[in-house]
Amino acid sequence: MTMLLISWPLLAADNPLLKLQINGVEGALKRNVLAHLGPMPENDTQRRAWLFDVSNGVQDALQSLGYYHGKLQQQLEQKEDGPWQLTLTITPGDVTRIQWVDIVLDGEIRSDTVVNRWLDQVKIKPGDPLNHGDYESVKGQLATLALSRGYFDGHYTLAEIRINRDLDLAKINLRFDSGKRYHFGKVSFEGHTLKPGFLDKLIPFDANATYSTRRLSALNQELVDTGYFASIKVLPQLDKLSNDQVPVKVELSPKPDHSFQVGLGADIGNSSDSEIDPRVKLIWRTPQINRYGHFQETSIEWSPDRPKVMFTYTIPLSHPLDDQLKLRFGLLWDKYGVTQQYDNATQEFNNTGQLESRKRLIGIGRNKRLGHGWLFNYSLDMLREEYTQSDVTYDPQFLLLGASISKTVRGDASLDPKSGFRQLYSVEYADPALGSDARLSKFEARFKWIDTFFDKHRFVARLDLGMNVVTNNDLAIVPPSLRYFAGGDQSIRGYSYQELGPYREYTNSDGVLSREVIGGRYLAVGSLEYQYYLTPHWRLATFVDAGNAYDNGQMAPIVAVGGGVHWISPLGPIKLDIGFGVHDPDIDYQPWRIHLTMGTEL
C-alpha cells in the first residue's frame, strides 16, 4: 500500500514536532484530508490542539467529497527525544452519488438567454459523486452571473443538499428569485478636458439598456482605444439605484501632454551584404491637442540606408474612433527588390544590392467604421518618388485617389485566435489629367483564414492578389513602392524579402552576369499551413507557399515548403520557420532561409 510521509512545518524544519503517515486513501481524497488537517504544529500547545481536531478534520474532508461512512483509526507514538509519530488509517466507505439536480429560476431571469445557456452547461448531473465544492461553485456562479446581468435584488429562496445515508444518495435543490432586472441610467464622465458630449458617442449601449458588466467592459475598452487617458474607472453606482436604473460614473485621468518612445533594433542578414543593419526609432505622441480630441504622432526612424520621417495628424469627425480624418506627411528612403550577381564557383545568384528610392508623401484620408465590422477608407495622396533603374534616374509624381474596405472576424480575443477570417479590397487611381505623370489603376484583394479542429489541429490559409493596369510605355515610371514583389516571411518563405519578381538581366561593368529584380504589374501568392499543438503554448508547423510577382505573359510560379516551431508567448506567437524553395524555373539550386517572426496572425 502506498504511504505518504510528511514532516512539517513546510518539510524544512530541523526538529519537527510531529510526523504524519496516512494509509487507505489516495489522490484527490488524500489531498483533501491534508487540506482539512491544516499546517502542522510548531509548538507543544499547537500539537495538542492539532491532535484533538484530527478526527473532525478527517470526517469533514471525507464528507465534503461524498463519503459519509468513513472510518478512522489513529495510532500515536510519543517520543521524548524526537518528533511524535501519528499514523492514520482511513476507510472511506461507499461514496454518495447525486440522485437529482433541481435548479429553478423565478423572476425576470427566467427569460435571460445568457443565464439559460449557462444552465445548459452546468457540469454536475445525476450519477456523479457528491462534491460539496462543486455544489458551492454552481451556487456561487449563478449568484455572480445574476449580479453581472443586473438582477441586484436576486436571492436564493432554497439552497440545500438532502442526503439519504442509507441509500448513499443526494438531492440538490436550488431555487433563485432574481426579481426585476435593472437598466442603465445616466453615464457621467469626470476628469477630462474634452468638449461636452464628445465622449457620449463612445457609450456602446442605448439609453435605458439592460444592465450588463460586459457592456461596461466594452465602454472601458472604447475609452482605452482613444489613447487619451492614463487612468480609467467605470463605476456602476449601486448605492444610487432609482426607478430600476443604475447610474454610471466614469472617472478619467488624462495622459501627459507629450510622450516619447525610443526603440533600438537591428536587421541581421537582410541587407545585400548580410551585415548587421542597426535601427533607431523615436515616436513622439501628443494624445490630446485640443478639446475636440485632435492628436498627432511623429515617427522618426534611422538606419544607415533607410531613414524615415512620418507625421500623422488625426481629427475625429462624427465619432472619436469610428470616423477619423488623417493628414499625413512623410519623407521615406527605402529599398525594393534585389540586385544579384552570378557566382560561377557556387553557380548561384548572390544578392549585391537593392533598388533604392526616396519618397515624399503628402496625403489626406478618412477612416470610417461601417456596420457589421466593416472598415471603409478613402484617401488622396500626393506621391513623388526618386529612383535609379537601368542607369536612368526617375522622379515621377502621382496623385492617387484611393479607397479600401476590409473586415476582420476573430473567433476569440486572444493574440493567437483559434479561428478567424480577414478580407481586404482596395483600389487606387492616378491620371495625367489630375496631375500624375502616368495613368495607373491599382487593384488589390487580400484574404486570410484560420480554423482549429479538435483543439490541436490548426490551419492557416492566405491569398494575396494585386494588379496594376498601366501601359507598357509608362511601366518604367511606376515607382517601386507601387509595384509588386514576392518573397519573405509574409509572402514566399525560403526567399529573402522582395527577392522575387520580374527582373532585368544584364552583364555588369566587370563582365559578370547580373540581374535586377524590379517588380511587376501583378501579384498572386498563396499559402497553406498546418499547425499542431504539442501543448497550449508550443506547436509545430508545416507549410507550402506558392506564387510570384510577374508581368504580362511572364507568370513563373515559385513553390516553397518548410516547417517550424512556434511559442505562444504572452506578447503573441513567436515563430521560427525554415523554408526551402522547391520549384524556381530561373535557378538550378535549392534556396533556403530561416524566418523569425512575432505577432498575431490576424
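Predicted model: local features only at pLDDT ≥ 70, side-chain atom pairs only at ≥ 80, totals over all residues.
Q: To which strand is β19 joined by 10 bridges?
A: In a regular strand the side chains alternate between the two faces of the sheet. As for the neighbours of β19, strand β20 (residues 420-430) runs antiparallel to β19, with 10 bridges between them. Ala403 has Val427 of β20 as its bridge partner.

Q: Which residue takes a positive phi in the hairpin of β6 and β7?
A: A hairpin is read from its two strands and the residues between them. Strand β6 (residues 155-164) pairs with strand β7 (residues 169-177) over 9 bridges in the antiparallel sense, and Ile161 has Ile172 of β7 as its bridge partner. There are 4 residues between the strands, and Asp168 has a positive phi near 55°.

Q: How is an aromatic pair read, and how many does the structure hold?
A: Such a pair is described by the distance of the ring centres and the angle of the planes. Rings of Phe, Tyr and Trp (its six-membered ring) pair if their centres lie within 6.5 Å; planes under 30 degrees apart are stacked, over 60 edge-to-face, and the rest tilted. The structure holds 17 aromatic pairs. Tyr336 and Phe485 form a stacked pair, because their ring centres are 6.2 Å apart and their planes lie at 25°.

Q: Where along the chain do Tyr336 and Phe485 lie, and is Tyr336 buried or exposed?
A: Tyr336 belongs to strand β15 (residues 323-343), whereas Phe485 is in the loop between β22 (457-469) and β23 (503-507), so the pair ties together parts 149 residues apart in sequence. Buried means under 20% relative accessible area, exposed over 50%, and partly exposed in between (1.4 Å probe, protein chains only). Tyr336, at 8%, is buried, and Phe485, at 10%, is buried as well.

Q: What is the arrangement of the rings of Phe453 and Phe459?
A: Their centres are 5.9 Å apart and their planes are at 70°, so this pair is edge-to-face. Phe453 counts as partly exposed, at 36% relative accessibility, and Phe459 counts as partly exposed at 28%. Elsewhere, Phe152, Tyr182, Phe184, Phe205 and Tyr211 form one aromatic cluster.

Q: Which residues of helix α3 are buried, and what covers them?
A: In α3 (residues 54-64), the buried residues are Val54, Gly57, Val58, Ala61, Leu62 and Ser64. Their cover includes α1 (27-37), α2 (44-52), β3 (71-77), β4 (84-91) and α5 (132-148). After α3 comes Gly66, with a positive phi near 90°.

Q: What is a nonpolar core, and which residues of the largest one touch the most other members?
A: A nonpolar core is a set of buried Ala, Val, Leu, Ile, Met, Phe, Trp, Tyr and Cys residues joined through side-chain atoms within 4.5 Å. The largest has 25 residues, and those touching the most other members are Leu199, Leu223, Phe229, Val234, Val250 and Leu252. At least two residues come from each of β8 (183-190), α6 (213-226), β9 (229-236) and β10 (245-254). β10 gives the largest share, 4 residues. Apart from this core lies another, of 20 residues, including Leu20, Met40, Leu51 and Trp84.

Q: With which residues is Leu199 in contact, leaving aside its neighbours within four places in sequence?
A: Contact means heavy atoms within 4.5 Å. With those neighbours within four places left aside, Leu199 is in contact with Phe189, His192, Leu194, Leu223, Phe229 and Leu252. Asp128 lies in the loop between α4 (113-120) and α5.

Conventions. Residues numbered from 1 in each chain as written. Heavy atoms only, no water. Pairing = 2+ DSSP bridges.
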